[in-house]
Amino acid sequence: MLNVAELDDGFAAHPQLDPCDDPGPRDACGVFGVWAPGEDVSKLTYYGLYALQHRGQESAGMAVSNGERITVVKDMGLVSQVFNEPALNSLRGHMAVGHCRYSTTGASVWSNAQPTFQGLQDGHSLALAHNGNLTNTDMLETWLREHSAAGDIPHKERMDSTSDTALLAALLAAFSTDGLAASARKVLPKLAGAFCLVFCNENALFAARDPQGIHPMVLGRLDNGWVVASESAALDIIGATFIREVEPGEFVTIDSDGLRSQRFADADPHGCLFEYVYLARPDSSISGRRVHLVRKEIGRTLAMEAAVDADLVIPTPESGTPSAIGYAEASGIPYGQGLVKNAYVGRTFIQPSQTIRQLGIRLKLNPIRDVIESKRLVVVDDSIVRGNTQRALVKMLREAGAAEVHVRIASPPVSWPCFFGIDFATRAELIAPGLSVEEICRSLGADTLAYISLEGLVASTGISKRRLCHACFSGEYPVRIPQARAVQLGLEDSNGCR
Ligand code: SF4
């Protein structure tokens with residue numbers, strides 16, 4: 001979540017763009033919700049979150065309702081660290097909301113862990129889980145303050161948490177005199193940016209997805225209930241049947257009367273392109289596309305765009321693996337496993353400090369000398385953010401005897417910040433802006449370097465470019481960002497979109 005405290009002077013305080021600041025939020029949170037009377041909803045939520053652990057590893061939590069009371073358990077750490085058998089057994093009810101979270105280092109605190117709990121004006125309570133970032137928190141805060149001034153709701157200074165999710169919870173509470181559903185119908189149309197929301201009061205489960213549908217969210221069916229989750233893989237893991245995606249701009253209510261759908265905004269789909277490259281699990285589907293197959297197709301396109309004479313194609317495991325397989329198939333160069341990954345070390349993309357990040361590379365990947373010695377290697381990776389991983393990797397492969405190292409990247413250069421929940425680095429930390437591909441290649445110590453083109457990447461998804469967000473590659477944002485930010489970023493017009 002975006003830290004609201006950092007936005008007090010407007011969006012200009014966003015840490016991603018300030019080279020003096022630490023990297024900002026790194027969210028690709030996972031959200032999960034289940035409504036299933038008679039089922040062990042806390043364990044379903046536990047395993048659902050377990051399946052979504054790759055989307056957020058800093059904190060985890062769940063809220064369980066028994067119809068009279070909502071109980072929230074959350075803490076810092078992995079899902080398996082936060083919950084144990086006795087805790088889950090004590091969480092009895094018919095409905096649950098779960099969350100796993102990334103955040104900035106500074107904001108990675110218990111009070112910002114989710115679900116966020118909030119009392120409502122109708123006497124009920126709210127538990128809220130959010131994936132994404134709101135881009136109009138300044139406007140929303142003003143709206144909230146106007147109502148705070150009337151003394152009918154808590155304002156920001158009295159919130160326990162500083163995240164945009166807490167702001168959202170306060171807004172939902174502000175208008176809840178006629179119930180949570182009525183409040184949501186009033187608040188949801190005012191939100192801008194990326195939001196996949198799962199929330200509940202004591203009696204009903206709700207889900208909503210932003211009009212752009214930037215991050216994925218799916219709806220599944222159990223024999224006697226319903227499930228919503230960030231990714232379809234979470235449905236598979238708990239034995240739920242995939243029904244459909246929660247539509248962009250849709251508001252879903254699930255209670256004892258069944259499932260009802262309403263629209264709070266027209267759909268304007270711009271799904272996150274980076275979900276296909278890296279974020280989502282390969283066994284998930286997004287917009288009807290199997291992520292694993294898309295990644296293989298990306299590799300095939302990359303082989304056609306950036307052929308090289310070599311002996312062996314190896315992936316940077318695991319997210320580079322499908323694209324490496326595709327590259328090998330299309331190029332006719334044999335595929336091999338040249339690196340062993342320690343599955344228990346977090347992905348280096350999310351490590352919070354440079355020191356740990358570099359240590360993490362060595363902890364995570366180890367070359368298999370017998371496979372790579374004297375070989376001309378094509379190394380396929382999903383993306384280059386800072387270049388630290390690839391620089392260490394090339395060095396490691398050369399030390400292990402590789403004759404040549406040709407790096408192929410399954411996404412275009414990451415050159416622009418994401419305002420929708422994914423934090424790569426500050427722009428100053430990104431390696432792509434200001435350097436040519438040749439210069440980056442020299443910096444990595446590789447023999448050659450090539451990225452897939454944006455057109456090639458988009459074509460590999462089978463989705464029209466105008467229905468995707470590709471802003472971190474192109475600087476073309478599908479949602480208006482505040483004008484001060486647009487001007488600072490040097491976007492073509494100053495209205496925040498182009
Ligand atoms: S800017 Fe990049 S990471 Fe962010 S939502 Fe768009 S495609 Fe995804």
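Let me start with two strands: β7, residues 196–200, and β8, residues 205–209, pair in the antiparallel sense over five bridges. Before going on, please keep in mind that this is a predicted model.

β7 and β8 form a hairpin, and four residues lie between them. Two of the facing pairs can be named. Phe199 stands opposite Phe206 in β8, and Cys200 has Leu205 of β8 as its bridge partner.

On its other pairing, β7 runs antiparallel to β6, and five bridges join these two strands. Here Asn131 stands opposite Cys196 in β7.

Is β7 covered or open? It is mostly covered, with five of its five residues buried. In a regular strand, side chains alternate between the two faces of the sheet. In β7, Cys196, Val198 and Cys200 point one way, while Leu197 and Phe199 point the other way, and all are buried.

Now the sheet as a whole. Which strands form it, and in what order? There are six, in the order β5-β6-β7-β8-β12-β13, and they make an open sheet with antiparallel pairing. At the edges stand β5, residues 116–119, and β13, residues 258–263; each has a single partner strand, so one side of each is left without a neighbour in the sheet. On average, neighbouring strands of this sheet are turned by 20° against each other, direction ignored.

A helix also belongs in this picture. Helix α5, residues 164–174, packs on the sheet and touches β5, β6 and β7. The direction of α5 makes about 140° with that of β6, which covers residues 125–131.

Ser125 has a relative accessible area of 12%; the cut-off for buried is under 20%, so Ser125 counts as buried. Leaving out residues up to four places away in sequence, Ser125 touches Ile70, Phe117, Gln118, Gly119, Leu120, Cys200, Asn201 and Glu202.

What is the angle between α5 and α6? Their axes cross at roughly 120° and come within 8 Å, with α6 covering residues 180–187. The crossing is right-handed. From α5, Leu168, Leu171 and Leu172 meet Leu180, Ser183, Ala184 and Val187 of α6. By class, the residues of this contact divide into six nonpolar, one polar and no charged.

α9 passes α10 in a right-handed crossing. Among the contact residues are His292, Arg295 and Lys296 of α9, and Pro322, Ser323 and Ile325 of α10. This contact has seven nonpolar, five polar and four charged residues.

Last item: Asn366, which sits in strand β19, residues 365–367. Which residues does Asn366 contact, leaving aside neighbours within four places in sequence? They are Gly338, Leu339 and Val340. The C-alpha atoms of Asn366 and Leu393 are separated by 9.0 Å, and these residues are 27 residues apart along the chain.

That is the tour.

Technical notes
Residues are numbered from 1 along each chain as its sequence is written. This is a predicted model: local features need pLDDT of at least 70, side-chain atom pairs count only at pLDDT 80 or more; totals for chains, interfaces and linings use all residues. Side-chain values use heavy atoms; hydrogens and water are left out. A crossing is left-handed if the near helix is turned anticlockwise from the far one by less than a right angle, and right-handed if clockwise. Contact means heavy atoms within 4.5 Å. Ala, Val, Leu, Ile, Met, Phe, Trp, Tyr, Cys and Pro count as nonpolar, Asp, Glu, Lys and Arg as charged, and the others, Gly among them, as polar. Two strands pair if DSSP finds at least two bridges between them. Axes are lines fitted to C-alpha atoms, for helices over the stretch in contact, and angles run from 0 to 180 degrees between N-to-C directions. Buried means under 20% relative accessible area, exposed over 50%, partly exposed in between (1.4 Å probe, protein chains only).
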